[in-house]
Amino acid sequence: FLVAIATSCWRPKMASLLPDVLFEMRGQAPAPSKDFYQLLVNRKDVVFRWWKISLRSEFREARPGELKESHDDFLDDPSLQIQIAYIFGPGTLDHIFNLCQGKFDFLARLPDQLLLYIVAYLDLEDISRLAQVSHRFERLCNSDELWEMIVQKLCGHITEEMIELAREIGWKQFFFTNKLQLQLQLRRRRQKEEN
């Protein structure tokens, strides 16, 4: 369901809701360089800025630089692509490629809390499938926070003792434990606390 939203015909409508700045990243070049870089992707162009930082006399007069290219020009500029991959990493370069090609991953832009809220309404089978989409969704779909939300939504009354057990064994494990096993574990906890 979530993946369908990101790739459906809603893309043009949702793209119009995007901010002017789609992506921004700043950083220092890998050692031994001290140069500072900024990468900015707007709706229409890619902006690459640099500041030469050096104690060498030949670089003292170096001025900051800026290269601005349209998305199409960026896609055809291997030298700039190599620089971006070297400074910011290949993952960033892939993300910039997707943005320049109009492939916006709207789900990646949502904060974890909002995604957890949405995922909590999915069927268990869908949650299992969603966990296979990416590392981020695997982490979210297996998080105690999500399973706590699911347990609280599906179970009527949760006692303090049940909450303590869930925190001890994990909310997902707590959810999938059948009622007889759960009662047995709660009884053992009580006996352990009494002794």
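A salt bridge is a side-chain nitrogen of Lys or Arg that lies within 4 Å of a carboxyl oxygen of Asp or Glu. The model shown is predicted, and local features need a pLDDT of at least 70, side-chain atom pairs count only at pLDDT 80 or more, and totals for chains, interfaces and linings use all residues. Residues are numbered from 1 along each chain as its sequence is written, and side-chain values use heavy atoms, with hydrogens and water left out.

**View 1. A salt bridge joins D35 and K52.** The side chains of D35 and K52 meet with an N to O distance of 3.1 Å. D35 sits in the loop between β1 and β2 and K52 in the loop between β3 and β4, so that the pair, 17 residues apart, links distant parts of the chain; helices (H or I, at least four residues) and strands (E, at least two) are DSSP runs, numbered from the N terminus. D35 is buried, with a relative accessible area of 7%, whereas K52 is partly exposed at 37%; buried means under 20% relative accessible area, exposed means over 50%, and partly exposed lies in between, with a 1.4 Å probe and protein chains only.

**View 2. Four strands form an open sheet.** The 4 strands follow the order β1-β2-β3-β4 with antiparallel pairing, where two strands pair if DSSP finds at least two bridges between them. The edge strands, β1 (21-28) and β4 (65-70), each pair on one side only, and the twist averages 10° from one strand to the next. β1 and β2 (residues 36-42) pair over 7 bridges, and R26 stands opposite Q38 in β2. Helix α5 (residues 90-100) lies across β1, β2 and β3 (45-51), running at about 155° to β1; axes are lines fitted to C-alpha atoms, for helices over the stretch in contact (heavy atoms within 4.5 Å), and angles run from 0 to 180 degrees between N-to-C directions.

**View 3. F36, W51 and I53 make a nonpolar surface patch.** The patch covers about 250 Å², an accessible area from the Shrake-Rupley method with a 1.4 Å probe, in which only the protein chains shown count as cover for residues. Patches are made of residues with over 30% relative accessible area and no salt bridge, with like charges joined within 9 Å and nonpolar side chains (Val, Leu, Ile, Met, Phe, Trp, Tyr) within 5 Å. I53 is placed in the loop between β3 and β4, and I53 counts as partly exposed at 44% relative accessibility.

**View 4. D112 and R136 tie two helices together.** The closest N and O atoms of this salt bridge are 2.8 Å apart. Because D112 lies in helix α7 (residues 112-119) and R136 in helix α9 (residues 135-141), the pair ties together parts that are 24 residues apart in sequence. D112, at 26% relative accessibility, counts as partly exposed, and R136 counts as partly exposed at 23%.

**View 5. E164, E168, R189 and E193 are linked in a network of salt bridges.** R189 counts as buried at 14% relative accessibility, while E168 is exposed, with a relative accessible area of 53%.
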